Amino acid sequence: MKKLLVLLLVFFVSQSYSQKSNVRASYNYLKYDQLDKGKEVIDEAIANEQTKNSDMAWYYRGLIYESMYKHKTFGNLDSNPLKVAFDSYKKSLEIAPKGEFVEEIASRLKILSVTFLAKGIDEFNAKDYSGSLSSFETVLKISPEDTSAIFNAGLTADKLNNFSKSSEYYSRLIDMKLYEAKKFLLLSNALKAKGDTAKALEVIINGRKIFPDDYPLLLIQINFYLPIGKNKEAIELLKEAISKDTKNETLYFALGNTYDNLRASSENKAGADDYFSLADIAYKKAI
């Protein structure tokens, strides 16, 4: 019985030593760019009871998988090595939030954030919008205030017709007071696409308070007013738009049509005649 206990003890010690050796060996394989062997031993180590809770093992795994990304020889060892690297670094921090690798992991995550951003742009250009959105959202898990990732995530969500998500990202930028007329337009379009027309109009009105001379915002506000019968408000905006673009026949036609609508709804002949004259002038100008 004693011999059996001794043998078992020796076996477990041997196993433990073997797995710890695998962890150390993985780093040496990484150092000499033998990523295939490094991957093999580190995957074995994080699956083993003796080393699965080793922050070092998970940290080294992150390094190895991060190095695989776009590697000319070992780039195909995993379909998404950056994600595995990110998850591995997180796991290492979970195991030892004040461990010896915390600073190194923080540095690696900053680099990983930049890599994920570039990856997301490549995926967007290749029309892999699902992959692109995932990449940008991973950046935001690392750097929640990364405005490039927020903006690109909004654009990508639009491509996926996920307007709830895109409006959330555009709203975040505006809440951060990173004002650009284009962002108000994008947010308004996303809100309108998901059916929140009232909120979409409110965004345009707020945008025009900050950018009163922005022509595209002005046109969008006109396009909101015309279908809902805000004819008098639309006329003032159309006049403003015409002052900025005096050769645009569409604006004159819209102005004439709006006067025509007011004529049709007028309750007295004199008022109707006035609107008719104004409509006539606008239509002729369009011609």
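**Entry 1: Ser-26**

I began with the contacts of Ser-26. Beyond residues up to four places away in sequence, Ser-26 touches Gly-38, Val-41, Ile-42, Tyr-60 and Ile-64. The model is a predicted one, and I read every entry here with that in mind. I placed Ser-26 in helix H1, residues 2-31. Is Ser-26 buried or exposed? Its relative accessibility is 0%, so Ser-26 counts as buried. Two of the contacts, Gly-38 and Ile-42, turned up again when I listed the H2 side of the contact with H3. Tyr-60 and Ile-64 are on the H3 side of that list.

**Entry 2: H2 against H3**

I turned to this pair next. Two packed helices are described by the angle between their axes and the distance between the axes. For helix H2 (residues 35-47) and helix H3 (residues 55-68), the axes come within 10 Å and cross at roughly 145°. The crossing of H2 past H3 is left-handed. Which residues of H2 meet H3? I noted Leu-35, Gly-38, Lys-39, Ile-42, Asp-43 and Ile-46. From H3 come Ala-57, Trp-58, Tyr-60, Arg-61, Ile-64, Tyr-65, Ser-67 and Met-68. By class, the residues of the H2 contact with H3 are 9 nonpolar, 2 polar and 3 charged.

**Entry 3: Arg-61**

Arg-61 is in helix H3. With a relative accessible area of 13%, Arg-61 falls under the 20% limit and is therefore buried. What does Arg-61 contact, leaving aside its neighbours within four places in sequence? I found Ile-42, Asp-43, Ile-46, Val-84 and Ser-88. Ile-42, Asp-43 and Ile-46 belong to H2. Val-84 and Ser-88 are among the buried residues of H4.

**Entry 4: H4**

Helix H4 covers residues 81-95, 15 residues in total. From first C-alpha to last it reaches 21 Å, close to the 21 Å expected at 1.5 Å a residue. Its buried residues are Pro-81, Leu-82, Val-84, Ala-85, Phe-86, Ser-88, Tyr-89 and Ser-92. What covers them? The cover includes H3, helix H5 (102-125) and helix H6 (129-142).

**Entry 5: H5**

Buried in H5 are Ile-105, Leu-109, Leu-112, Ser-113, Phe-116, Leu-117, Lys-119, Gly-120 and Glu-123. Lys-119 and Glu-123 on this list count as charged. The cover over the buried residues of H5 includes H3, H4, H6 and H7.

**Entry 6: positive phi**

I looked at backbone angles after H5. Most residues other than glycine have a negative phi, and most peptide bonds are trans. Lys-127 follows H5 and has a positive phi, near 65°. Lys-70 also has a positive phi, near 60°. Lys-70 is in the loop between H3 and H4. At 61% relative accessibility, Lys-70 counts as exposed. Where is Asn-161? I found Asn-161 in the loop between H7 and helix H8 (163-175). Asn-161 is not a glycine, yet its phi is positive at about 60°. Its relative accessibility is 54%, so Asn-161 counts as exposed.

**Entry 7: Gly-154**

I stepped back into H7. Gly-154 lies in helix H7, residues 147-159. Its relative accessibility is 0%, so Gly-154 counts as buried. Beyond residues up to four places away in sequence, Gly-154 touches Ser-166, Tyr-169 and Tyr-170. I also looked up Glu-168, 14 residues from Gly-154 along the chain. The C-alpha atoms of Gly-154 and Glu-168 are separated by 7.8 Å.

**Entry 8: H10**

I finished with H10. This helix runs over residues 197-210 and has 14 residues. It reaches 20 Å from first C-alpha to last, close to the 20 Å expected at 1.5 Å a residue. Ala-200, Leu-201, Val-203, Ile-204, Gly-207 and Arg-208 are buried in H10. Why are they on the same side of H10? They cover an arc of only 155° around the axis, which puts them on the same side. An α-helix has 3.6 residues a turn, so residues three or four places apart point the same way. On the other side of H10, I noted that Ala-198 and Lys-209 are exposed. Over the buried residues of H10, the cover includes helix H9 (181-193), helix H11 (215-225) and helix H12 (231-244).

Methods
Residues are numbered from 1 along each chain as its sequence is written. This is a predicted model: local features need pLDDT of at least 70, side-chain atom pairs count only at pLDDT 80 or more; totals for chains, interfaces and linings use all residues. Side-chain values use heavy atoms; hydrogens and water are left out. Helices (H or I, at least four residues) and strands (E, at least two) are DSSP runs, numbered from the N terminus. Buried means under 20% relative accessible area, exposed over 50%, partly exposed in between (1.4 Å probe, protein chains only). Contact means heavy atoms within 4.5 Å. Axes are lines fitted to C-alpha atoms, for helices over the stretch in contact, and angles run from 0 to 180 degrees between N-to-C directions. A crossing is left-handed if the near helix is turned anticlockwise from the far one by less than a right angle, and right-handed if clockwise. The expected span of a helix is 1.5 Å times one less than its number of residues. The arc is that of the directions from the helix axis to the C-beta atoms.
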